[in-house]
Amino acid sequence: MSNIFEVELRLLELNDDVITFKWRNSIRAKLLNQGAKTVEEQRKWIDKSIKDDTQHNFIIRYKSIPVGMVSLLDIDKIKSAAQAGRLIIGEEEFCRGKQVVCDALILLYEHAFSTLNLKNVYGHIDKKNILMQKFHKFTGVKLFNESELFFDQNLFKNDYINIQISKTEYENVVKTKLLTLRKIGL
Amino acid sequence: MMDEIVKKAIELLNEERSSDEQIVVSDDTPLFHEDSNVDSLSLVSLIMEIEMNLSDSGVDVSLTSDENMAKMEEPFKTIGSLKTYIKLLMSSHVK
């Protein structure tokens, strides 16, 4: 999956085991769920995830160089929803000023809303991950810590900050904001 | 006022960063630059905080709008350039 930008998403492969293991165990990924403890475990996890139709795990590449990963999980065509997650910029210093975060999110949302034609994307952010919460809020994504207004009560997680974005909100607000931020180089 | 707003926003951001990633409040400190350790999420947080603090002071400006971004090259390069950028926006805001 590519676009007019220099960032592209490609599906995770078995050979990504070493680099994704390194990223998952970095300090920057400390607020993600616990991952594999060895490269071998990581390889088994990749093998399993490749065979799972409900998740699309992507390597983010900048000019063909792997720099991070992002995923669409729990893809549910009946509910017309999927969960965005596992966003890791593994090569942060290299990516600075190269619009990687914004482009990766635009590509992920385009995959969800255009390719898969889903109506909603949601996510769960660790309550301690203030910077990620602020980033999503700034781009116009809705944040919820109570379930009442969340689009699906069964997908709400009490111990997290829940985020929600509809196809319309993406097209009318979030995409514009992400395109603006990418001009700064984010 | 503007110096205090930027300082306050950076101090708040530093609370979310580890001890070895603290941003020194100095005009020469690189922000979004190859020599900086400020990542995308941190810069957005900083922008958001500054916009909110400016709004609380009666100045509603967007630091990332196309119109404003066209007024200066690399406004987020250093803390000093960010302050210059905000001053520029504030001067055009107060008419």
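The axes of H5(A) and H2(B) come within 8 Å and cross at roughly 65°. That puts a helix from chain A against one from chain B, and H5(A) goes past H2(B) in a left-handed crossing. Keep in mind that this is a predicted model.

**Where H5(A) meets H2(B)**

- On the chain A side, the contact uses A:Leu131, A:Met132, A:Lys134, A:Phe135, A:Lys137 and A:Phe138 of H5(A).
- On the chain B side, H2(B) brings B:Leu41, B:Ser42, B:Val44, B:Ser45, B:Ile47, B:Met48, B:Glu49 and B:Glu51.
- Sorted by class, the contact of H5(A) with H2(B) comes out as eight nonpolar, two polar and four charged residues.
- H5(A) spans residues 130–138 and is mostly covered, with seven of its nine residues buried.
- The buried set in H5(A) is A:Leu131, A:Met132, A:Gln133, A:Lys134, A:Phe135, A:His136 and A:Phe138.
- After H5(A) comes A:Gly140, which has a positive phi near 95°.

**Inside chain B: H1(B) on H2(B)**

- H1(B) (residues 2–15) and H2(B) (residues 40–56) pack at an angle of about 140°, and their axes are 9 Å apart.
- With that angle, the two helices H1(B) and H2(B) are therefore oblique to each other.
- The crossing of H1(B) past H2(B) is right-handed.
- From H1(B), the residues involved are B:Ile5, B:Val6, B:Lys8, B:Ala9, B:Ile10, B:Leu12 and B:Leu13. They meet B:Ser42, B:Ser45, B:Leu46, B:Glu49, B:Ile50, B:Asn53 and B:Leu54 in H2(B).
- Nine nonpolar, three polar and two charged residues make up the contact of H1(B) with H2(B).

**The sheet in chain A**

- Chain A has an open sheet of seven strands with mixed pairing, in the order S1-S2-S3-S4-S5-S7-S6.
- At the edges sit S1 (7–11) and S6 (142–144) of chain A, each pairing on one side only.
- From one strand to the next, the twist averages 30°.
- S3(A) (residues 65–76) and S4(A) (residues 81–89) pair in the antiparallel sense, over six bridges. Here A:Leu73 has A:Gln83 in S4(A) as its bridge partner.
- H1(A) (residues 17–24) packs on the sheet and touches S2 (56–62), S3 and S4 of chain A. The direction of H1(A) makes about 85° with that of S3(A).

**A glycine in S5(A)**

- A:Gly123 lies in S5(A), which covers residues 120–126.
- A:Gly123 counts as buried because its relative accessibility is 1%, and the cut-off for buried is under 20%.
- Leaving out residues up to four places away in sequence, A:Gly123 touches A:Gln83, A:Ala84, A:Ile161, A:Asn162 and A:Ile163.
- A:Gly123 and A:Ala82 are 41 residues apart in sequence, with 8.4 Å from C-alpha to C-alpha.

**Backbone angles to look at**

- Most residues other than glycine have a negative phi.
- A:Arg86 is not a glycine, yet its phi is positive, near 55°; A:Arg86 lies in S4(A).
- A:Asn117 isn't a glycine either, and has a positive phi of about 55°.
- You'll find A:Asn117 in the loop between H4 (100–115) and S5 of chain A.
- At 48% relative accessibility, A:Asn117 counts as partly exposed.

Conventions:
Residues numbered from 1 in each chain as written. Chains lettered and ligands numbered in written order. Predicted model: local features only at pLDDT ≥ 70, side-chain atom pairs only at ≥ 80, totals over all residues. Heavy atoms only, no water. Axes fitted to C-alpha atoms, helices over the stretch in contact; angles between N-to-C directions. Helix = DSSP H or I, 4+ residues; strand = E, 2+ residues; numbered from the N terminus. Parallel < 35°, antiparallel > 145°, perpendicular 65-115°, else oblique. Left-handed = near helix turned anticlockwise from the far one by under 90°. Contact = heavy atoms within 4.5 Å. Nonpolar A, V, L, I, M, F, W, Y, C, P; charged D, E, K, R; others polar. Pairing = 2+ DSSP bridges. Buried < 20%, exposed > 50% of the residue type's maximum accessible area, 1.4 Å probe, protein only.
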